[in-house]
Amino acid sequence: WYGVDGTLKSHVEFANFLEENSMDILPLDPMKDAAGNVIEDAPSTIYELCREMQLRSSYGASSVVRNGDYVSIDMQKGDDITTKRNVSMPASINLSIPVYFGEQSVMVKALMRQRATSEGKIQMGVKLVRPELVRQDEFQRIVGTIAREVKLTTVYGKPA
């Protein structure tokens, strides 16, 4: 997860990555429509959501003309990335991963990132939320456990 943090992949590559690492992803909350109703046939995993991604682009233009001259021209391009069943991607997912090899898993939040390229393709990825603080907390937990077992005093800080 640290290796893909902050990078975008094609949605197919990202779906493959999620499938290979699905054991680290905590279950999604039930999906709801705009009215707040639970969508019964919504994908139940983030992997299923990525597999169903589709891109809808819309273009629009408006202009103001006065006395034969253009005064302003406004162009809009909108990209909407949803699934085939019109379910939006969640803003974040929760991971249960060990920070250090051989240690217990901890919950790490990952923000979902997606972008439509100029070629009309979808790129997706994750951005881990404050991974350095998660690492520091886990380090202090491990050191604290050892310190209690062998009766040591630990001091954290920067050398003078």
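Me: Are phenylalanine 14 and phenylalanine 17 buried or exposed?

Reply: Both phenylalanine 14 and phenylalanine 17 are buried. For a residue, that word stands for under 20% relative accessible area, while exposed stands for over 50% and partly exposed for anything in between, using a 1.4 Å probe and protein chains only. This is a predicted model, in which local features need pLDDT of at least 70 and side-chain atom pairs count only at pLDDT 80 or more, whereas totals for chains, interfaces and linings use all residues. Residues are numbered from 1 along each chain as its sequence is written, and side-chain values use heavy atoms, with hydrogens and water left out.

Me: How many aromatic pairs are there in the whole structure, and what makes the pair of tryptophan 1 and phenylalanine 17 edge-to-face?

Reply: The search finds 2 aromatic pairs. The ring centres of tryptophan 1 and phenylalanine 17 are 4.9 Å apart and the planes meet at 80 degrees. Rings of Phe, Tyr and Trp (its six-membered ring) pair if their centres lie within 6.5 Å; planes under 30 degrees apart are stacked, over 60 edge-to-face, and the rest tilted. The distance passes and the angle is over 60, so edge-to-face it is. Tryptophan 1 lies in the segment before strand S1 (9-10) and phenylalanine 17 in helix H1, so this pair ties together parts that are 16 residues apart in sequence. Tryptophan 1 is buried as well.

Me: How do you know that the buried residues of H1 are on the same side?

Reply: The buried ones are His11, Phe14, Ala15, Phe17 and Leu18. They cover an arc of only 160 degrees around the axis, so they are on the same side of H1. (The arc is that of the directions from the helix axis to the C-beta atoms.) Val12 and Glu20 are exposed on the other side. A handy rule: an α-helix has 3.6 residues a turn, so residues three or four places apart point the same way.

Me: What makes a group of residues a nonpolar core, and which have the most contacts inside the largest one?

Reply: A nonpolar core is a set of buried Ala, Val, Leu, Ile, Met, Phe, Trp, Tyr and Cys residues joined through side-chain atoms within 4.5 Å. The largest has 26 residues, and Trp1, Leu18, Ile46 and Ile93 have the most contacts inside it. Among the elements that supply at least two residues each are helix H1, helix H2 (46-51) and strand S4 (92-98). Leaving aside neighbours within four places in sequence, isoleucine 93 is in contact (heavy atoms within 4.5 Å) with residues including Ile25, Leu28, Ile46 and Val126.

Me: Which face of S4 is covered?

Reply: The covered face holds Ile93, Leu95 and Ile97, and the uncovered one Ser92, Asn94, Ser96 and Pro98. In a regular strand the side chains alternate between the two faces of the sheet.

Me: Why are S1 and S4 called edge strands?

Reply: An open sheet is formed by 4 strands in the order S1-S6-S5-S4, with antiparallel pairing. S1 and S4 each pair on one side only, and that makes them the edge strands. Two strands pair if DSSP finds at least two bridges between them. S4 and S5 have 7 bridges, so they pass.
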